[in-house]
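Hello,

Here is the structure I promised to pass on to you. Have a look at it first, and then read my notes below.

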Amino acid sequence: MPTQQELENGFRLGDWEVLPARGILRRGEAEETPAPKVFRFLMSLAVRDGNLASKEDLVREVWDGYPIGDDSIVSCAAQLRKHFDGQGKDLFTNVRKRGYKLDVPVVPLMPEPQNEAAQVAGRKTRPKWRRKWLFAGVFVVLAVIVFQWPAGKERSIAVMPFENLSGDAANRYIADGFKLELLHTLSNIEGLMVKDSKVSFPELTAPDIADRLDVDYLLLGAAQIVGEELKITFRIEKGSNGKTESAGEVVGPVGAVFELQAQLAAKVRDQLVGKSTQQLISKNRDPNSAGFDRYIRGMHVFERRGRASIENLDAAIRLFEESIDLDPTFGPSYLALASAYALLPDYRRAPLKEMHDKALELVEKAVDVDPDLAAAASAVQGFVYHKQRRWTEAEEAYLRATTANLVDSTAFNWYSLMLANVGRLEDAIGQIMLAQEIDPSSAIINSRTGIIYTWLGESQRASEYFERASQLGASDEIHMLGRAMLMIRQHRYEEAARLAGDSVEFAGGRTDWIEPLFMAVNDPALRDRALAVIDDAFSSTPLDPRLEIVARTMLDDVDGAMSVAMSLADADEFFEMDVLFLKELQPVRAHPDFEILAGACRRGVA
């Protein structure tokens, strides 16, 4: 490998000259000036000359050991590729989940000879360099031959959002519905893992997207309606270099979404895993057009639900019910309706047991009419069991869902929430980061990531994800409360009080206890008055009892906080208990009754 001094004197990568002393990249007359971090990224790769620069190496050498997320590394790599004018994918690549490496040799620039003797010496030494890099080039070619994809190895593909080219925003649901069905059909291909990407990452190259999503291929497409005809164009890009492996189109009547996606799925199978006689669509997945249309319209609004737009959840339920009435043999409608019922208690405090029973009944019906839905159904089962504190069954169901051929961010998000409830915070952050990889533009997932980092005590990362979630539109009660807790930890009491007030007001509760609470935190002489106001507020209005646990702990009323927590463990209504693992609630966890509380939670509700 070249020495540090040789690198500092400059070196060549392919057609490019790299001049560290001047901080520039040069090819012919063109010059590029990368940002310092981007240049340090390149130097970390160059000093290893084709060997792997792990993510840990890059964090240490580029970010001086400051903890950063994978998205910062991916962004840095993307900026470097842009400086190389698109040639970057041929100069360096990512090694999935491990790091980056150069794919061309580092060739130190020879110093200018000072005299004739030096020129002669220079001429004599050049053939050695040529022989050296010729050998390296042969090794790279051999490596490519040796490491061709082994027969039978599982491949992975991310299906990116389909563009709506119909010229009418109202037809967006058709593009979304096409993708939904395509995902399910692709998941039936043996040897292929499928990931559902909710965002298109327009600022990243294909290799960077593939690295972020941890897949081998990307499937990109667009839907266009012309008259009564639906045309779907697509292309498959290889994740390692962005090259197009296959492209084409499928065309048919607007009502033939189901048939068209099946044709496209077969093309993907033939390209990636070879032709097969395998039947991709079960006999039960042949919905009539009316029922299927209601289903994809329902999924379109279901994906846009929120506590501030709960009417979308109601509209989705109506559409799923209409779909079932029109086509009782279409399993996905039952499963979608089950998900909606399972969420209703969270959105409007609908009767927990009634909604759970409906959800599980619908899950069984979905799998009965379409056994291919068993893995996807496990996510809903896990969510219900989790809410019933049947932790072992919940984890088993979540593991089935998160290791299925079709991987969705929701299962990882729900699994993460369950793990946080039983204090497994490190495992929880691992699962939510897997959700992040698939859907980094989700306000819910970014908010949950911020909350878990808050619970873990990593304030800087928590702040970054809370800010991102807010920019993406997160505004519900839990998001605001989590962010308020972070501000309390940072002693930003005035901001925390304002945010807590907004959260409580958003939920329709009393806010007159918040100011006395923060005044008492600063002046313990006001503690008794603050506790009296809290007693009155929480006994007379519907407020989230987890707020009371935190408030009483802040005022050193640990017995009172434990009493509230115990009442939640025995309540018919389920409350997420991950708040108990905040570092500020250590006094509650040290309480003699905490083991009794933990045992009550573990027993579960049948």
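Please keep in mind that this is a predicted model.

Let's start with a charge and a ring: Arg81 holds its charged end over the ring of Phe92, at 4.4 Å from the ring's centre.

Trp16 belongs to strand β2 (residues 16-19), while Phe84 is in the loop between α4 (70-83) and α5 (88-91), so the pair ties together parts that lie 68 residues apart in sequence. Both Trp16 and Phe84 are buried. Elsewhere, one aromatic cluster is formed by Phe292, Tyr295, Phe302, Phe320 and Phe330.

Next, the nonpolar cores. The largest has 144 residues, and those touching the most other members are Leu182, Leu186, Leu219, Val268, Trp513 and Leu580. Helix α12 (residues 331-348) gives this core its largest share, 11 residues. If you click on Leu219 and leave aside its neighbours within four places in sequence, you will find contacts that include Ile157, Met160, Phe234 and Ile236. There is also a second, separate core of 42 residues, with Phe41, Met43, Val106 and Ala158 among them.

Finally, a spot away from those lists: Ala507 sits in the loop between α21 (493-506) and α22 (514-522). Its relative accessibility is 40%, so Ala507 counts as partly exposed.

Happy exploring!

Conventions:
Residues numbered from 1 in each chain as written. Predicted model: local features only at pLDDT ≥ 70, side-chain atom pairs only at ≥ 80, totals over all residues. Heavy atoms only, no water. Helix = DSSP H or I, 4+ residues; strand = E, 2+ residues; numbered from the N terminus. Buried < 20%, exposed > 50% of the residue type's maximum accessible area, 1.4 Å probe, protein only. Phe/Tyr/Trp six-rings, centres within 6.5 Å; stacked < 30°, edge-to-face > 60°. Lys NZ or Arg CZ within 6 Å of the ring centre and 35° of its normal. Core = buried A, V, L, I, M, F, W, Y, C linked by side-chain atoms within 4.5 Å. Contact = heavy atoms within 4.5 Å.
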